[in-house]
Amino acid sequence: MDIWEQLAAYRAAHEGRKIADLCTEAGRFSGFSATSDGLVLDYAKTNLCAEGRALLLDLAAHTGVAARRDAMFAGEKINQTEGRAVLHTALRAPKSARVMVDGQDVMPEIHATLGRMAAFAEALESGAITASDGAPFSDVVNIGIGGSDLGPAMATRALSPYAGRLRVHFVSNVDGADIADVLAGLDPARTLLIVASKTFTTIETMTNAATAKAWLGGRKGHLAAVSTARDKTSAFGIPPDRVFGFEDWVGGRYSLWGPIGLPIMLAIGPQNFADFLAGGHAMDQHFRTAAPADNLPLLLGLVGIWHSNICGYATRAVLPYDQRLCRLPAYLQQLDMESNGKGVTMEGRAVARASGPVVWGEPGTNGQHAFYQLIHQGTAVVPCEFLIAGEGHEPDLSHQHDLLIANCLAQSRALMLGRDMDAARALMAAKGLSGAELERQAAHRIFPGNRPSVTLAYPKLTPFVLGQIIALYEHRVFVEAAIWGINAFDQWGVELGKELAVALLPHVAGEAAGGLDDSTAGLLGVLK
Ligand code: F6P
């Protein structure tokens, strides 16, 4: 039997086992949780036992996860379809590190750029850099999409307790409603625009940038850019000293650690941004050096493989009990689904098993009053990933944080424990029902239970902790991709739609006709 068959056999042999029974065993939590710098991953509420975990660790060993990890950190060109190294980890490495790409150490340039970003951030915050009328800027608008928006927007929101004077806003959608609504509340005289685009060709970003530039009314010094395409930024009229560059070995969805993170730094200041990088780097060190059985990214990846490939669960829910992580699910959708939503291996063959699961979610407790019904009683099993801090940033509201913790822990317990027919009957009997009506009503109160979840627990949502969490998820995606044998660092699947949109625009504008399928032509007729 190969390792996949062994895992399937193990699953078949233990399918009836109850997570609740596993969790009554002494030492279950300590045996099925792992820690890195205060961040705890609890996977005790899954139906894995030591034997299953050992098989999964064997799977990681057989599929060469560690070798691929080392190749990534060493700057090898593991993004094979684009012939690029994958070195977002270098963006969060300390100055003393040496990271070689094509025989050159990239660390001096990374830290020089970080230094320029910090100087810019400090000068904007203090008012040493002013708007064209000589008064300080009050607002910053980041214009970008995908990786040039989701990470910065998510992290800026997550770290709002660390915010300084500058208000930072985000525009991403080509829908004019987005930019119209953001600019409506702002004064062009007080606003700095950052055009953030790795390629500086993305049509949504360039269209919004042109709209925003016109809104500035020719004010000088109100534009900055973040891009790998320095030639294109100057053609757009942004002076070189306002351009923060990076290299093509940073993927868009992995780019918030460097210049794409400029809006985060403008919001929280260079020192907090440095702490954020330190958190990411600490997770890198952990991923590289922790023993497999204690390695958070490896374990989280293997739990993901267990649930999607062995148990056959097609989606996973990310449920932060942390309102400031409200954009985390959207951010992880890009990170995970743009990385691993692929059907072809690095060798160009069909992937042998289901790859990237659908990732979705919303903060708790809000989700409890919306879609948790399906998670508890629906026919599909959805493995849940809870996130919760030991304390909030609002000491005066600690009683509310207690309620938050109680709700978070109650949900994972309810998923695990469920409620059987006897308990449901007792409940109905206590309400005075009997006979056929008791049976009918009781059936609706059954919870299947035995539904798996993992929980990430951390002391408080600080910049360091956010860095740990994001790097953990990045490496989890990496582990899963390595096991499936796919390249997590390209995204060819987004190209076709872009091409067809460009081809359709003349039809929408009434400058071309014919050649469309009947459905599309019919819809065009309705819309125009
Ligand atoms: O279309 C997908 C994508 O290429 C993402 O991978 C990327 O994060 C986003 O578009 C934005 O790209 P850019 O930063 O080049 O504007």
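The exercises below concern the ligand site, the pockets and the cavities of a predicted model.

**Exercise 1. Describe the surroundings of the ligand, and state where the ligand sits.**

Solution.
- Step 1: Locate the ligand. The ligand sits in the largest pocket.
- Step 2: List the neighbours. The shell has 14 residues, and the closest are Gly147, Ser148, Ser197, Thr199 and Thr202.
- Step 3: Sort the shell by class. It holds 9 polar, 3 charged and 2 nonpolar residues.

**Exercise 2. Find how far the side chains of Thr199, Gln334 and Lys498 are from oxygen atoms of the ligand, and test each pair against the cut-off for a polar contact.**

Solution.
- Step 1: Take the cut-off, which is 3.5 Å between N or O atoms.
- Step 2: For Thr199, a side-chain N or O atom is 2.6 Å from a ligand oxygen.
- Step 3: For Lys498, the distance from a side-chain N or O atom to a ligand oxygen is 3.0 Å.
- Step 4: For Gln334, a polar side-chain atom lies 3.2 Å from a ligand oxygen.
- Step 5: Turn to the cover of the ligand. On its own the ligand has 390 Å² of accessible area, and the protein covers 88% of this.

**Exercise 3. Characterise the largest pocket by volume, lining and contributing elements.**

Solution.
- Step 1: The volume of the largest pocket is about 1300 Å³.
- Step 2: Its lining has 47 residues, with Ile145, Thr202, Glu204, Val494 and Lys498 closest to the centre.
- Step 3: Helices H10 (203-216), H15 (328-340) and H21 (495-508) each give two or more residues to this lining. The largest share, 8 residues, is from H21.
- Step 4: By class, the lining has 18 nonpolar, 18 polar and 11 charged residues.

**Exercise 4. Give the volume, lining and main contributor of the second largest pocket.**

Solution.
- Step 1: This pocket contains about 460 Å³ of space.
- Step 2: It is lined by 19 residues, and Gln323, Glu394, Gln400, His401 and Leu404 are closest to its centre.
- Step 3: Helix H17 (residues 398-417) supplies the largest share of the lining, 5 residues.
- Step 4: The classes are 9 polar, 6 nonpolar and 4 charged.

**Exercise 5. How many cavities of 30 Å³ or more does the structure hold, and which residues lie nearest the centre of the largest cavity?**

Solution.
- Step 1: There are 3 such cavities.
- Step 2: The largest cavity has about 90 Å³ of space.
- Step 3: Of its 15 lining residues, Gly304, His307, Arg316, Pro383 and Glu385 are nearest the centre.
- Step 4: Helix H14 (296-310) and strands E10 (315-321), E12 (384-389) and E13 (453-458) each supply at least two lining residues. H14 gives the largest share, 4 residues.

How values were computed:
Residues are numbered from 1 along each chain as its sequence is written. This is a predicted model: local features need pLDDT of at least 70, side-chain atom pairs count only at pLDDT 80 or more; totals for chains, interfaces and linings use all residues. Side-chain values use heavy atoms; hydrogens and water are left out. A residue is near a molecule or strand if one of its heavy atoms lies within 4 Å of it. A polar contact is a pair of N or O atoms within 3.5 Å; within protein, one must be able to donate a hydrogen and the other to accept it, and residues adjacent in sequence count only if both atoms are side-chain atoms. Accessible areas come from the Shrake-Rupley method with a 1.4 Å probe; for residues, only the protein chains shown count as cover. On a 1 Å grid over the protein atoms alone, a cavity is a set of points where a 1.4 Å probe fits but cannot get out, and a pocket is an open set with protein on both sides within 12 Å along at least five of seven lines; lining residues have an atom within 4 Å of a point. A molecule sits in a cavity or pocket if more than half of its atoms lie within 2 Å of its grid points. Ala, Val, Leu, Ile, Met, Phe, Trp, Tyr, Cys and Pro count as nonpolar, Asp, Glu, Lys and Arg as charged, and the others, Gly among them, as polar. Grid points are joined across faces, edges and corners, and a volume is the space filled by probe spheres set on the points.
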